[in-house]
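Hi everyone, thanks for making time. I'd like to walk you through one structure today, so please have a look at the screen.

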Amino acid sequence: MTINPIRIKGNWDEGYVLDRHIIKSSIIDIDGFGNSIYDTQRTELGELIYQIKYKKKYDKIEDAMKLIAPFIKQWESIQDVQSILAVPYSQKREWQPVEEIAKRIADILPKAIFCENILLKTTNEQAKNLNLNSKNHLHGTIIQTKPAIKRHSILLVDDLYSTGTTLKECVEVLRNDRNIDQIYVLVMTKTKEMR
């Protein structure tokens, strides 16, 4: 069981994506409605995230954490993080995978707690569905519901990284809070579109 962390640059202080989501994907057939049927090979973590998020196999989160935990324990920069936030979701689900992962990461870090509903998305639009010219339509759609009450660093967690637009908007909002010091980001997997 391995992952291949990749450092990602953005308006955060330090960030990583733990692995690619897909190794390869090819069309193998067309269904009766004209939709393509794909043969998709995912990384180990990519498959677990897919099963958790889209197939509702919530028991797979423990397997995912076996891959994630060693990286969390060795990432020196985040050992003093006190708050862990999940990137707000676009689609309402009865069980939000990114929040569950963020809660388990908080259990690993010695000083951290998971802070729920600090960031909210005011639209259901997903950045991955916008064309490049309309990415700025997400500007102003993320809000911070409560200010930090003391100066500290945070870890922002997401499950999939495609364009990075939502993640960057979250960081931009958090930068306006004078009590937030360093902002670190951790994303489980990245799609092929990442530049």
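This is a predicted model: local features need pLDDT of at least 70, side-chain atom pairs count only at pLDDT 80 or more; totals for chains, interfaces and linings use all residues.

Let me start with a question: what covers the buried residues of H3?

The chain has 195 residues, and 49% of them count as buried. Its secondary structure comes to four helices and ten strands. Reading from the N terminus, the order is β-β-β-β-α-α-β-α-β-β-β-β-α-β. If you take the contacts between residues at least 6 apart in sequence, 69% join residues at least 24 apart. As for the surface, the chain exposes about 10,700 Å², with carbon and sulfur atoms supplying 46% of that area.

Now to helix H3, residues 97-108. H3 has twelve residues and spans 17 Å from its first C-alpha to its last, close to the 16 Å expected at 1.5 Å a residue. Its buried residues are Pro97, Val98, Glu99, Glu100, Ile101, Ala102, Ile105 and Ala106. You'll notice two glutamates, Glu99 and Glu100, in that list.

So, back to my question. The cover over those buried residues includes two helices, H1 (44-55) and H2 (61-74). It also includes strands E5 (83-86), E6 (113-114), E9 (152-161) and E10 (180-190).

Let's stay with one of those partners, H2. The axes of H2 and H3 come within 10 Å of each other and cross at roughly 45°. Because of that angle, H2 counts as oblique to H3. The crossing is right-handed. On the H2 side, the contact is made by Ile61, Glu62, Met65, Ile68, Ala69, Ile72 and Lys73. H3 answers with Pro97, Glu100, Ile101, Arg104, Ile105 and Ile108. The spacing is worth a thought here: an α-helix has 3.6 residues a turn, so residues three or four places apart point the same way.

Where is lysine 56 found? Lysine 56 lies in the loop between H1 and H2. Its phi is near 60°, a positive value in a residue other than glycine. Lysine 56 counts as exposed, because its relative accessibility is 55%.

The other spot is asparagine 117, in the loop between E6 and strand E7 (119-121). Asparagine 117 also has a positive phi, near 55°, and again this is a residue other than glycine. With a relative accessible area of 40%, asparagine 117 is partly exposed.

That's my tour, and I'm happy to take questions.

Definitions and conventions: Residues are numbered from 1 along each chain as its sequence is written. Side-chain values use heavy atoms; hydrogens and water are left out. Buried means under 20% relative accessible area, exposed over 50%, partly exposed in between (1.4 Å probe, protein chains only). Contact means heavy atoms within 4.5 Å. Accessible areas come from the Shrake-Rupley method with a 1.4 Å probe; for residues, only the protein chains shown count as cover. The expected span of a helix is 1.5 Å times one less than its number of residues. Axes are lines fitted to C-alpha atoms, for helices over the stretch in contact, and angles run from 0 to 180 degrees between N-to-C directions. Angles under 35 degrees count as roughly parallel, over 145 as roughly antiparallel, 65 to 115 as roughly perpendicular and the rest as oblique. A crossing is left-handed if the near helix is turned anticlockwise from the far one by less than a right angle, and right-handed if clockwise.
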